[in-house]
Amino acid sequence: MKIVHYPHPALRCQAKPISSIDKKIKLQIGEMFDLMYEAKGLGLAATQVALPFQLLVMNVSGDPDKKEHEFVYINPTLVERKGTMDGEEGCLSFPGLFQKVRRAKTIKIHAYNLLGEKVEVVASDLASRAWQHEIDHLNGVLFVDKLGIIGKLASRGALKELEEEFKYAQQRGDIPPETEIKALIDSLLSES
Ligand SMILES: [Zn+2]
């Protein structure tokens, strides 16, 4: 498992709801936390590790020792948003790119935890931003889609570089060709 970078097709897939929490998914969650901490992120969505499932891990403290801030959420939906805020945002799938994104200041989410229990979360500020960013991922939406015209122009160079890197990685054989990636995602989507 590794974190995929833009423009990997997995980042654009609509993740599928999870219907059962098995051993395999628990192992994947552990790996996702490891990758998130290694990359110094606050959250990671399953689509970012090329798994097309409605699953995300989060620790807004970013500190692996603060286990009380570690959360796993399954099938999350945003049910309420209030206010707006502007702030800088980055993404583990866009290394080195930071841009200002407007988000709702406070949100309410419904999701399931690892025990399969329904949970309601209200989050503000940084946590709210992390939530909106990660839920977007599960719908194939990326933070660069949310930029204003100036942010879009300012990101063009960085995006082009990532596209070139991706192309070279495919040429080297480090990343499979597009058709192979899509077939893999489709096979995961049609499982169970
Ligand atoms: Zn992201």
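Mentor: Here is the core, with a bit of the setting around it. This is a predicted model, where local features need pLDDT of at least 70, side-chain atom pairs count only at pLDDT 80 or more, and totals for chains, interfaces and linings use all residues. Residues are numbered from 1 along each chain as its sequence is written.

First, the layout: the chain has 4 helices and 7 strands, and helices (H or I, at least four residues) and strands (E, at least two) are DSSP runs, numbered from the N terminus. In sequence order they read α-β-β-β-β-β-β-β-α-α-α.

Now the core itself. The largest one holds 34 residues, and Leu44, Ala46, Leu56, Val57, Met58 and Tyr73 have the most contacts inside it. Two or more residues each come from α1 (23–38), β1 (43–45), β2 (55–58), β3 (71–82), β6 (106–112) and α2 (125–138). By nonpolar core I mean a set of buried Ala, Val, Leu, Ile, Met, Phe, Trp, Tyr and Cys residues joined through C-beta atoms within 7 Å. Buried means 20 or more other C-beta atoms within 10 Å of a residue's own, with C-beta atoms placed from the backbone.

Zoom in on Leu44: leaving aside neighbours within four places in sequence, Leu44 is in contact with Met32, Leu35, Met36, Leu56, Val57 and Leu92. Contact here is C-beta atoms, placed from the backbone, within 7 Å. Across the chain, residues 24 or more positions apart make up 62% of the contacts with a separation of 6 or more.

For contrast, look at α4: of its 13 residues the number buried is 0, so α4 lies largely in the open. Over the 192 residues of the chain, 28% count as buried.

Note on methods
A residue is buried if 20 or more other C-beta atoms lie within 10 Å of its own, exposed if 12 or fewer, and partly exposed in between; C-beta atoms are placed from the backbone. Two residues are in contact if their C-beta atoms, placed from the backbone, lie within 7 Å.
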